[in-house]
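Please keep the sequence and the model in view while reading.

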Amino acid sequence: MKQLVIGIDGGGTKTEAVVMDCTREIVLQLTGESTNPHSVTFPVAMRNLGLLLDTIRASLDASYGKDWAWSSVTLGLSGISTLDEQTIVYRWVEGYKEERDISFVCSLRNDAQIALMATLQREAGIIAISGTGSIIYGLSQDGEQHRAGGWGHILGDEGSGYDIGLRTLKTVMRCYDGIIPPTLLTSLVLERHGFSSLTELKPYIYRDSIHKSDIAKFAELAVTAARQGDSAAHHIIETAAQNLAATALALIGKHPWFASCDLVLTGSIFTHSEAFNLTFREAIRVKYPEIMFHNAAHTPAYGAALLALKHHSEQLYLKESD
């Protein structure tokens, strides 16, 4: 019987899964729809999670027949932070296992924890995430957990794809009104959606079907325009990076160990915008020069799988001890 573990990274735009065996070999990688309940509602998020797990099961059946078993699953779901939200997910998992007549141990971690594990191969450190949303999370060597930001697109998420996307849209409308000088962003927005005029943007944006992730996609245009020297786009990127750095500085001040620890940078904005990445680093170095920066080395789903494997090993040790 081949023992497997599963790591899942659930985001506001998509959900990624990594299936790993006990030697850390990746045997399967899949992508599904969003499992962030604040992006798609709880019922839809859990439905999408179920569809992804079912797809994994079908793929493993095709590869191994029935000669495989899940021993441990780690879910790193963004948007799940309160005890009530965690309880909903755990109850759903129990229902899923009962309906499918399968058994596995499930642990729930946040998206920051799995991203730290993916790069540092340990859980202690600081992670700065800038994807659709944003958050700064820290876990000290003595086990203290701290977070800053990550309050969603209405209450926070400064320095996120959504933040940059929204600033991009507001900038092109201010340009249209003649408040600010012309910007390359205008033509990029028009080309992206085939608009003949920016007046078409309003009915598009205010449709009921437009979600947080749709706004975040406009961040790509700001990154592109900034690379081409557009001053308005550069200002958007620089402001977003500085705002996220301010959030990180607030977290670093919450524990003395953070002042010289490892800080992992992950998410699509850090990955695709060198200007954002550098501006963020420089803002941190001014106050904490001993901080060690790392760009993400693996996907968060890989980190979730490592945590699932760690949990599996711990369970085996406990059984052997008994």
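Helix α6 covers residues 161-176; its 16 residues reach 23 Å from the first C-alpha to the last, close to the 22 Å expected at 1.5 Å a residue. That expected span is 1.5 Å times one less than the number of residues. Helices (H or I, at least four residues) and strands (E, at least two) are DSSP runs, numbered from the N terminus. The model is a predicted one, in which local features need pLDDT of at least 70 and side-chain atom pairs count only at pLDDT 80 or more, while totals for chains, interfaces and linings use all residues. Residues are numbered from 1 along each chain as its sequence is written, and side-chain values use heavy atoms, with hydrogens and water left out.

Beyond the helix comes Gly-178, which has a positive phi near 85°. The buried residues of α6 include Tyr-162, Ile-164, Leu-169, Val-172 and Cys-175. Here buried means under 20% relative accessible area, exposed over 50%, and partly exposed in between (1.4 Å probe, protein chains only). Cys-175 counts as buried because its relative accessible area is 16%. Another cysteine, Cys-261, is buried at 2% relative accessibility. The count of disulfides comes to 0, a disulfide being a pair of cysteine sulfur atoms within 2.5 Å.

The next feature is an open sheet of 5 strands, in the order β3-β2-β1-β4-β5 and with mixed pairing. Its edge strands, β3 (26-33) and β5 (105-109), each pair on one side only. From one strand to the next, the twist averages 15°. Two strands pair if DSSP finds at least two bridges between them. Strands β1 (residues 2-10) and β4 (residues 68-77) run parallel and are joined by 9 bridges; Lys-2 has Trp-68 as its bridge partner in β4.

Helix α3 (residues 83-100) packs on this sheet, where it touches β4 and β5, and its direction makes about 155° with that of β5. Helix α4 (residues 111-120) lies across β1, β4 and β5 and runs at about 115° to β4. For these angles, axes are lines fitted to C-alpha atoms, for helices over the stretch in contact, and the angles run from 0 to 180 degrees between N-to-C directions. Contact means heavy atoms within 4.5 Å.

Strand β7 (residues 134-139) takes part in two hairpins. With β6 (residues 125-130) it pairs in the antiparallel sense over 6 bridges, and 3 residues lie between the two strands. Gly-125 has Leu-139 as its bridge partner in β7. Strand β8 (residues 145-149) also runs antiparallel to β7, joined to it by 5 bridges. Between β7 and β8 there are 5 residues, and Gly-143 in the turn has a positive phi of about 90°. Of the 6 residues of β7, 6 are buried: Ser-134, Ile-136 and Gly-138 point one way, and Ile-135, Tyr-137 and Leu-139 the other.

The last stop is Val-264, in strand β9 (residues 262-266). Why does Val-264 count as buried? Val-264 counts as buried because its relative accessibility is 0%. Leaving aside neighbours within four places in sequence, its contacts include Leu-116, Leu-120, Ile-127 and His-294. The C-alpha atoms of Val-264 and Pro-182, 82 residues apart along the chain, are separated by 36 Å.
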